[in-house]
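Subject: Structure for you to look at

Hello,

Here is the structure I said I would pass on. My notes follow below it.

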Amino acid sequence: MDLKTPYAFGKTVDMPYAEVERKVREELAKEGFGVLTEIDVRKKFTEKLQKEFRDYIILGACNPPLAYEALNREINLGTLLPCNVVVYTQDDGKTAVMVMDPVAALSMIGNSEMVAFAKKVAEKMERVLAAL
């Protein structure tokens, strides 16, 4: 991963935004994730603020078996779900893909079982990024 923050990891790819978005959706599906929510940030900023913004979409991804397992262990975990994946155009014209770091997010819970669970989710997301 060439992009990293304390709360997310990702990569930059030299492919058009629309192609990357399509590929991210395909790879999420291969890892058992469905997209529950989508926010087209560019479109919303134009509609609500009459402001231009770069291509930027937030995909709320969920893997039902993993979500079921997690919520049975920690009922309030829903406040941190779904796993958000963002795709956006960078200033240099390349496309970035960032994934919420599940280990960072679930570490704040203070439940060691959830950290091990988060590592499974992170591995799936790393495979999504590696396929781009």
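A residue counts as buried under 20% relative accessible area, as exposed over 50%, and as partly exposed in between, using a 1.4 Å probe and protein chains only. This is a predicted model, in which local features need pLDDT of at least 70 and side-chain atom pairs count only at pLDDT 80 or more, while totals for chains, interfaces and linings use all residues. Residues are numbered from 1 along each chain as its sequence is written, and side-chain values use heavy atoms, with hydrogens and water left out.

Aromatic rings

There are three aromatic pairs in the structure. Rings of Phe, Tyr and Trp (its six-membered ring) pair if their centres lie within 6.5 Å; planes under 30 degrees apart are stacked, over 60 edge-to-face, and the rest tilted. One of the pairs is Phe 45 with Phe 53, edge-to-face, with 5.1 Å between centres and 80° between planes. Phe 53 is partly exposed because its relative accessible area is 32%, and Phe 45 is partly exposed at 30%.

Another pair is Tyr 56 with Tyr 88, which is stacked at 5.3 Å centre to centre and 15° between the planes. This pair links distant parts of the chain: Tyr 56 is in strand β4 (residues 56-62) and Tyr 88 in strand β5 (residues 83-89), 32 residues apart. Strands here are DSSP runs (E, at least two residues), as helices are (H or I, at least four), numbered from the N terminus. Tyr 88 is buried, because its relative accessibility is 18%, whereas Tyr 56, at 22%, is partly exposed. Ring pairs join Phe 45, Phe 53, Tyr 56 and Tyr 88 into a cluster.

Arg 54 lies over the face of Phe 53, 5.9 Å from the ring centre. For this, NZ of Lys or CZ of Arg must be within 6 Å of the ring centre and within 35 degrees of the ring normal.

Annotated span

UniProt lists residues 39-102 as "domain: DUF302" in an unreviewed entry; its positions are given in the numbering used here, feature names are shortened, and annotations may be inferred rather than shown by experiment. The span is 31% helix and 34% strand, and the C-alpha atoms at its ends lie 20 Å apart.

That is what I have so far.

Regards
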